[in-house]
Amino acid sequence: MRMLKRASTLILRQGITTYQSRLCKNDSHFRVHPSVSQALAENKPVVALESTIITHGMPYPHNLSTAKEVEAMVRAEGATPATVGVIEGEVRVGLSSEELDHLARCKSSLKVSRRDLPYVISKGLSGGTTVSATMIAAHQAGISVFVTGGVGGVHRDGENTLDISADLTELGRTPIAVVSAGVKSILDIGRTLEFLETQGVCVATYGASRNFPAFFSPQSGFTSPYQVCNPDEAAKLIASTLSLGLQSGVLLAVPIPEEQAATGQQIEEAIQTAVTEASVKGITGRDVTPFILQKVNDLTKGKSLHANIALIHNNAKVGSQIACALSKQLNEGNSKGKAHRHGKQSSDSDSDVVVIGGINVDFIAKGKTKALQFGQTNPGRVCQSFGGVGRNIADSMSRLGRRPLFISATGADSHSDAVFNHCKHMNTNGVARLEAQSTATYCVVIDESGEMSLGLGDMDIHQQITEQYVSQFEKQLSSATLVCLDGNIPVSTIDYVCSIASKHSINVWYEPTDSEKARKPFLSDSWKSLSYSSPNLTELRTMNKTLGLPTPEVLPSSLDEVLSVAVTLSRPLLEHLHCVVVTLGANGLLVCGEHDAGSVNLQPRKQKRKRQLCALHYPALIVTAEETVNVSGAGDSLAGALMAGILQQRDTDSCVRMGILAARLSVLSPHPIAPTLTLDSVDPNKVKDLDWPKPNFMWID
């Protein structure tokens with residue numbers, strides 16, 4: 001047998017790294033508030049709210065106070081509010097108090113429907129979203145329940161003017177449940193219901209009867225096709241719609257509360273007067289509703305405003321109860337679907353390890369010839385697996401008894417469905433599913449001997465693992481035994497985690513992933529809060545170069561020179577890091593850190609102190625080309641097993657050998673992390689027929 005340089009290089013991840021596109025979506029026009037992303041990631045109830053009621057429905061300050069009251073009511077029912085609006089050309093799902101105030105005071109805000117979104121975004125304008133625009137944004141974010149006052153409809157004489165609200169067509173093509181008080185009596189309610197039927201929209205009245213409400217009146221003279229009596233029935237209706245995969249919504253019509261019904265009758269009379277005046281003055285289109293609402297408010301001396309607020313409060317309460325019931329039903333369904341999992345599933349608080357990093361779908365193409373011919377089809381084998389440095393490390397540790405909380409982001413697409421199905425054994429409660437993004441994908445082409453010829457990656461979504469999102473897990477971070485970061489996440493996120501680590505004396509392991517990303521913590525003093533890092537020699541040189549330290553222009557090739565350079569470049573980092581693990585490809589592994597009884601002390605240190613430094617060089621294992629199946633996760637398997645060994649308080653030799661054995665299993669498997677990976681499979685005392693060479697000891701000055 002021979003030492004296969006290419007395969008062992010891949011085992012110790014000297015040259016094979018996951019590529020991340022530099023074309024990040026920093027100019028994205030869609031942003032989800034961290035509290036909303038967190039709730040969605042944890043499958044908790046979220047209620048979308050529109051904002052035209054803030055910008056066009058009520059005068060200031062009633063609009064602002066009502067918006068805040070509605071959000072408070074949603075929270076009181078146990079759901080997370082997500083008010084949707086457009087701020088300076090960016091669609092935002094979930095608004096801060098400052099953003100609500102901005103929309104409430106802004107006199108130039110536009111009324112933004114589906115047709116208006118491109119223009120408003122292109123001009124960087126602000127506006128309140130109508131029912132249709134709010135549905136679009138909420139659906140993209142993954143929200144299933146949306147509460148509003150009333151929906152638009154077919155205007156009177158609509159059969160001639162074709163004046164039909166975009167709300168109705170949106171209900172026909174966007175799968176979301178809209179909870180409203182029906183439609184206003186200024187509209188043609190009969191034709192509105194007929195149009196909804198044509199659009200395939202399921203309409204049901206919420207309550208004791210099928211009477212279809214007319215906003216201020218519990219009765220419109222028309223009936224809904226269906227009726228649901230309580231939150232559970234409504235939730236089942238929504239769940240069945242979603243499970244069928246229909247691309248149409250559900251309209252739940254909630255009658256005005258009985259105590260407001262008498263006032264509602266007075267308002268209806270005022271509405272008829274206002275409708276007549278609007279017709280005489282030639283007011284049409286989007287200007288009709290604001291004119292009538294203001295006129296009715298004047299005629300009723302403010303009673304319509306109070307009734308409007310009471311109606312919206314009631315809708316918010318009912319909608320939130322439905323959202324909570326829906327969340328409960330879906331979670332119960334997921335639990336039944338996951339009953340085949342082995343062992344008890346722990347919660348976030350049970351995880352003493354946190355891994356933050358990338359998750360992606362890998363496509364690995366291996367040629368069957370020694371040399372690949374570009375520009376033509378080559379014979380080979382293509383397989384799909386699930387990778388991402390952070391995911392791989394979390395997977396490895398989960399199989400070795402640690403099950404860390406994994407924080408990442410995916411799209412809400414078929415790729416993410418496959419990823420979550422594959423990762424059922426992991427704690428993925430920290431993974432956000434974002435409708436507006438695509439799950440990261442990576443394609444690598446390797447030749448017959450296992451060397452990479454080409455890699456392509458779409459990794460833009462990793463930029464969504466933001467400081468704001470990760471801060472939702474500060475409690476878990478501040479109490480963790482170990483936090484692992486991969487270099488795919490944004491610099492600001494790395495800086496944030498390092499600040500938490502410094503404040504709470506948390507051990508942080510940095511896995512750089514490639515030479516360019518290796519510099520991220522070293523752009524500031526964040527690196528001084530790291531405890532461990534596992535770079536290859538090229539990444540280690542980048543770290544030194546980023547700190548302004550002298551580095552060799554060309555890296556050596558002979559073993560003695562490689563070890564000398566690795567020790568020299570590790571020395572400055574050990575002023576603050578506890579341990580540096582340098583992967584050297586075919587030359588093995590170099591562990592640098594504090595001397596302890598003729599070895600390197602890998603155990604987390606409780607406090608920094610003056611120490612004697614040393615290094616251990618572990619030669620690589622022998623692997624043949626014929627044995628090599630997949631090379632994409634070997635380095636991550638090594639790192640994950642090393643961490644698992646350290647946390648199990650094993651001696652240094654055992655930890656390193658666990659890592660090397662895990663990497664070997666990865667190379668022999670079609671998956672980045674071998675499904676056969678267990679504690680027994682990487683226990684050096686239980687794996688027979690391996691001749692472990694003695695590591696070489698070196699002092700570090």
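**Figure 1. Asp683 in a loop of the predicted model.** At 10% relative accessibility, Asp683 counts as buried, a class that requires under 20% relative accessible area, whereas exposed means over 50% and partly exposed lies in between (1.4 Å probe, protein chains only). The residue belongs to the loop between helix H23 (652-667) and strand S26 (696-700). Helices (H or I, at least four residues) and strands (E, at least two) are DSSP runs, numbered from the N terminus. Leaving aside its neighbours within four places in sequence, Asp683 touches Arg650 and Leu661, where contact means heavy atoms within 4.5 Å. Asp683 and Gly645 stand 38 residues apart in sequence, and their C-alpha atoms are 9.6 Å apart in space.

Residues are numbered from 1 along each chain as its sequence is written, and side-chain values use heavy atoms, with hydrogens and water left out. Because this is a predicted model, local features need pLDDT of at least 70 and side-chain atom pairs count only at pLDDT 80 or more, while totals for chains, interfaces and linings use all residues.

Figure 2. Asp395 is found in helix H15 (residues 389-399). With a relative accessible area of 0%, Asp395 is buried. Its side chain is joined to that of Arg399 by a polar contact of 2.7 Å. Such a contact is a pair of N or O atoms within 3.5 Å; within protein, one must be able to donate a hydrogen and the other to accept it, and residues adjacent in sequence count only if both atoms are side-chain atoms. When neighbours within four places in sequence are set aside, Asp395 is in contact with His422, His425, Met426 and Ile673.

Figure 3. Seven of the 10 residues of H20 are buried, so the helix is largely enclosed by the rest of the structure. These buried residues are Leu537, Glu539, Leu540, Arg541, Thr542, Met543 and Asn544. They pack against strand S20 (507-511), strand S21 (532-533), H21 and strand S22 (579-583). At the start of H20, a side-chain oxygen of Asn536 comes to within 3.1 Å of the backbone nitrogen of Thr538. After the helix comes Gly548, whose phi is positive, near 80 degrees.

**Figure 4. The packing of helices H20 and H21.** Helix H20 (residues 537-546) packs with helix H21 (residues 559-573) at an angle of about 40 degrees, and their axes are 10 Å apart. Axes are lines fitted to C-alpha atoms, for helices over the stretch in contact, and angles run from 0 to 180 degrees between N-to-C directions. H20 and H21 are therefore oblique to each other; angles under 35 degrees count as roughly parallel, over 145 as roughly antiparallel, 65 to 115 as roughly perpendicular and the rest as oblique. Their crossing is left-handed, which requires the near helix to be turned anticlockwise from the far one by less than a right angle, whereas clockwise gives right-handed. H20 contributes Leu537, Leu540, Arg541, Met543 and Asn544 to the contact, and H21 contributes Val562, Val565, Ala566, Leu569, Ser570, Pro572 and Leu573. By class, the contact has nine nonpolar, two polar and one charged residues. Ala, Val, Leu, Ile, Met, Phe, Trp, Tyr, Cys and Pro count as nonpolar, Asp, Glu, Lys and Arg as charged, and the others, Gly among them, as polar.

**Figure 5. The packing of helices H4 and H5.** Helix H4 (residues 62-76) and helix H5 (residues 97-105) meet at an angle of about 145 degrees, with their axes 9 Å apart. The crossing of this pair, H4 and H5, is right-handed. Asn63, Leu64, Ala67, Lys68 and Glu71 of H4 form the contact with Leu100, Asp101 and Ala104 of H5. Four of the residues in this contact are nonpolar, one is polar and three are charged.

Figure 6. Most residues other than glycine have a negative phi, and most peptide bonds are trans. The peptide bond from Tyr60 to Pro61 is cis, with omega near 10 degrees, and Pro61 lies in the loop between helix H3 (52-57) and H4. Leu162, although not a glycine, has a positive phi of about 55 degrees. Leu162 sits in the loop between helix H8 (158-161) and helix H9 (166-171) and, at 65% relative accessibility, counts as exposed. Thr513 likewise has a positive phi, near 75 degrees, and lies in the loop between S20 and S21. With a relative accessible area of 1%, Thr513 is buried.
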